[in-house]
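Subject: Handing over a structure, with notes

Hello,

Please take your time with each part.

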Amino acid sequence: MTNIFRKVGVPLIFIGAVLVLWEWAVWFNGLPDYRMASPSDLLPKFWQFRWLFLERSWETLWRTVAGLGLAIVVGTLLGMIMGFSRTARDGLYPLLVGFNAIPKATVVPIVALIFVGQHDFNTILLAFMISFFPIAVSVSIGLSTLEPEYRDILRSLGASKFTIFWKIALPKTLPEFFGALKVAVTLAFIGTNLMEIVSPHGRGLGDLFDSGRISADYPLMFAVLFALAALGIVLFYIVVALERVFAGWAERGQG
Amino acid sequence: MSSDFQIELREVTHAYRTDSGPLPVLDNLSLKLPKDTFTAVVGPSGCGKSTLTRLVSGLMKPDEGQVWLASKLVTSPRPTVGMAFQNPVLLEWRTILQNVMLPLEIVKSGMSKAEGLERAHALLDLVGLTGFEDKRPSELSGGMRQRASLCRSLIHKPEVLILDEPFGALDAFTREDLWCTMHDLRAIEPFTCLLITHDLRESVFLADQVVVLSGRPAHAQYVLNVDIPGKRTLDDLYTPKAVAMLADLRHQIQVAQGRTDGAATPAAHAQRGAKAPTPEAQS
């Protein structure tokens, strides 16, 4: 099998197989579309609301990416602080774990109340809050487990702390960082939709889902789930592509 | 005050602070390394040999005593030092050539980029890594990685090379190969070398003087001058003279470990070793 077929063709065949199985299961059980929509119900919905889907997908997408960007910046900074200072690590860890343990659905009404009317900001904030934790943890672990010999190689030449960070610690942490980013990108996506669904404000795919729920348009709700899955896949593979570029050496190293 | 030696340790005493109180590792250690000579330091496990390298390279400061490098008191790391460890610590995201060039990105060596590249290629050629410049460290064997590590430690023309058991994790034949490479490197470009090792044959084959450290806290218990003139070959290790030296060192290690009564004369052991090498003398 050629590489391209394996990378693209095989996943497409599997997706197709699942759709066929789904269609068959709905038909076989004779389920009406208000109990279980089938894939063939979805296409008309996508066509009917095609501009709405594009607009809402874009709203969900850019706010997810913005939240994730914030999570990368803050998570990396927190990770650096915890990676370099034992005291900071001991002090911050329980705090972060506690914060991460709070179900984010409970945070939505609070955030919506504090920043009332700031829908874009709220949504980005929630995407950030749900996704920075794995990044902070992985960066701190990557930095704190750096073998002392790596540091000594540069320190013995009189290199500054910043040079050691830039030339050794940072690149060496990249595989862990991207591992965490793959988790974080999905989480940020969940965060965005959580805000859009729990505190609807007329924006994003989450809101479209909520409209479907209110108007009892079940095929539309299923269609939104499909669009969300597709967006999630796209975001995930963008991260995978970035990982290839910046940390491809780690993958080859294991081969 | 200054020092006439390339490296000189004067009455160095050092202890690590641990949870259960200070752990003394070096006690009144004095060492003298003349310029462009090769000194091997052997001693029982955990006697403070690696501490010694960290003190000489300026990564650590001693509690008491002084470390001199090229007539200057060592207070911080110096770019005139090259280091290599048992773990070759190559950066996986760089090619072999980029790894070798790493020190030039930090040290002001006075070399231009082109000169640095030329030197890197020459060093890689010398250790037999021509053709591997663009490979990643993970694509190389352990011995080849250690060769690349040696090139990196020498790229910035250091006056002093500090080797902390660089051949320790290699198989016997690769190790012997690298010993010969070390002699080749020194023949082309002299430098002062401090080698930490557990291998007595390695110390005798490579060094001009072998220093035996006592058990922890360590002082210089014994110094052996290795007078094998001319270019050394591996066969030199099997002459009666070399075998006697090995037996002598072996005896000193046992004294350092506290297993043998120090009263037994090294000479007696050396003679016995010279006539019929015991298995331990070979080790």
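How many helices and how many strands does chain A have? Chain A has ten helices and zero strands, where helices (H or I, at least four residues) and strands (E, at least two) are DSSP runs, numbered from the N terminus. Before going further, please keep in mind that this is a predicted model, in which local features need pLDDT of at least 70 and side-chain atom pairs count only at pLDDT 80 or more, while totals for chains, interfaces and linings use all residues. Residues are numbered from 1 along each chain as its sequence is written, chains are lettered from A and ligands numbered from 1 in the order in which they are written, and side-chain values use heavy atoms, with hydrogens and water left out.

**Chain A**

Read from the N terminus, the elements of chain A follow the order α-α-α-α-α-α-α-α-α-α, and the C-alpha trace spans about 75 × 55 × 30 Å along its principal axes. Of the 255 residues in chain A, 43% count as buried, a word that here means under 20% relative accessible area, with exposed meaning over 50% and partly exposed lying in between (1.4 Å probe, protein chains only). If we take the contacts of chain A between residues at least 6 apart in sequence, 72% of them join residues at least 24 apart, where contact means heavy atoms within 4.5 Å.

The accessible surface of chain A comes to about 13700 Å², and 72% of it belongs to carbon and sulfur atoms; such areas come from the Shrake-Rupley method with a 1.4 Å probe, and for residues only the protein chains shown count as cover. Chain A carries 20 positive and 17 negative charges, whose mean positions are 7 Å apart. In this count Lys and Arg are positive and Asp and Glu negative, while His and the chain ends are not counted, and the place of a charge is taken as NZ of Lys, CZ of Arg, CG of Asp or CD of Glu.

A:Asp207 is found in helix H9 and counts as buried because its relative accessibility is 9%. Leaving aside neighbours within four places in sequence, A:Asp207 is in contact with A:Arg56, A:Glu196, A:Pro200, A:His201 and A:Gly202. A:Ala216 lies in the loop between helix H9 (204-214) and helix H10 (218-254), and although A:Ala216 is not a glycine, it has a positive phi of about 55 degrees. With a relative accessibility of 45%, A:Ala216 counts as partly exposed.

**Chain B**

Chain B contains nine helices and ten strands, and its C-alpha trace spans about 60 × 45 × 40 Å along the principal axes. A compact globule of 283 residues would have a radius of gyration near 19 Å, and the 19 Å of chain B agrees with this; the radius is taken over C-alpha atoms, and the globule rule is 2.2 Å times the number of residues to the power 0.38. Of these 283 residues, 53% count as buried. Chain B exposes about 12200 Å², with carbon and sulfur atoms supplying 52% of it, and the mean positions of its 30 positive and 33 negative charges are 2 Å apart.

The mean pLDDT of chain B is 83, and 90% of its residues reach 70 or more, pLDDT being the predictor's confidence in each residue, from 0 to 100. Over residues 268-283 of chain B, however, the pLDDT is below 50, and beyond near neighbours in sequence this stretch has 23 contacts in the model.

Which residues of chain B might you look at? B:Val89, in the loop between strand S6 (81-85) and helix H2 (96-101), has a positive phi near 35 degrees, and at 2% relative accessibility B:Val89 counts as buried. B:Ile162 sits in strand S7 (residues 160-164) and is buried, with a relative accessible area of 0%. Not counting residues up to four places away in sequence, B:Ile162 touches several others, including B:Val56, B:Val81, B:Met83 and B:Leu194. B:His156, in the loop between helix H4 (142-154) and S7, is also buried, at 6%, and its contacts beyond four places in sequence include A:Leu157 of the other chain as well as B:Pro79, B:Val81 and B:Met111.
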